[in-house]
Amino acid sequence: IYPDEKIYLIVLASLFVSVLNFILMSGLQGLQKYNTILKINSFIAPVALISTLMVLLISENLITLLIINLILLIISTIASLFCLRKYLDFKSPSLPHALHQKFKNYALITSLIVFVDLILMERSEVFFLKSFSSLEQVAFYSIAFGLVAKVMALIPGAISGVIMPRVSQYHGDKNLEAIKQTYFSSSRYLVLITFPIIFSGLVLIGLPVKIFYGN
């Protein structure tokens, strides 16, 4: 195996493990095992951050970075599987026809939304940009976009995550007016937070990219 072929093998393995890890993590979320998710991420996130920074600042070896990412994905997947082991019962009872049809329609609509979201949010435009731009430009765009998007997901996402239980309570109480007010108020404040992040990222993103990835 040539060195460049190793990258593709590692990426393919990472994609497979990442999908499996996402399914297991979604299972934990569905069971509302948020404390378990917090414990797993409290270990994975700092290790990923420290190891990534060390690789970027010391060796700048892409294969090493991908291997570390794969190892952390495997650890997270094993931990999630261990926590879900008593819930993995494949002998599920048959559902009534009406309920089965309801689940089927929900799965179909959700799959369509996820597919569209995958095209729009996972930077599929890179496939088109590579035809009109240099590799350096595409690389900078991908890194810059990813860093700014991550900050936007963390800060506004943390706020929206706190609001969701309140919205769920209003939904349980059938208080639709309170849901509307909460939605409009939270959206207004999230916009006030998100816009400065976007514009600051456009202006300042060159500096962190240069520090961690070079010219």
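## Ile143 in helix H6

Ile143 sits in helix H6, which covers residues 135-172; helices here are DSSP runs of H or I with at least four residues, strands are E runs of at least two, and both are numbered from the N terminus. This is a predicted model, where local features need pLDDT of at least 70 and side-chain atom pairs count only at pLDDT 80 or more, while totals for chains, interfaces and linings use all residues. Residues are numbered from 1 along each chain as its sequence is written, and side-chain values use heavy atoms, with hydrogens and water left out.

Leaving aside residues up to four places away in sequence, Ile143 touches Val209 and Tyr213 (contact means heavy atoms within 4.5 Å). Leu49 is 94 residues from Ile143 along the chain, and their C-alpha atoms are separated by 15 Å.

## H2 against H3

Helix H2 (residues 34-59) packs with helix H3 (residues 62-84) at an angle of about 170°, the axes being 10 Å apart. That makes the pair roughly antiparallel (over 145 degrees; under 35 is roughly parallel, 65 to 115 roughly perpendicular and the rest oblique). Axes are lines fitted to C-alpha atoms, for helices over the stretch in contact, and angles run from 0 to 180 degrees between N-to-C directions.

Who meets whom? On the H2 side the list includes Ile40, Phe43, Ile44 and Val47, and on the H3 side it includes Leu65, Ile68, Leu72 and Ile75.

Leu112 belongs to helix H4, residues 97-121. Leu112 is exposed, as its relative accessible area is 55%. Together with Phe115, Val116, Ile119, Leu120 and Met121, Leu112 makes a nonpolar surface patch of about 610 Å².

Patch residues have over 30% relative accessible area and no salt bridge, with like charges joined within 9 Å and nonpolar side chains (Val, Leu, Ile, Met, Phe, Trp, Tyr) within 5 Å. A salt bridge is a side-chain nitrogen of Lys or Arg within 4 Å of a carboxyl oxygen of Asp or Glu.

## The whole chain

The protein chain has eight helices and zero strands. Its C-alpha trace spans about 55 × 45 × 35 Å along the principal axes, and buried residues make up 18% of the 215 residues.

How values were computed. Areas by Shrake-Rupley, 256 points an atom, 1.4 Å probe, with all protein chains shown as cover. Buried < 20%, exposed > 50% of the residue type's maximum accessible area, 1.4 Å probe, protein only.
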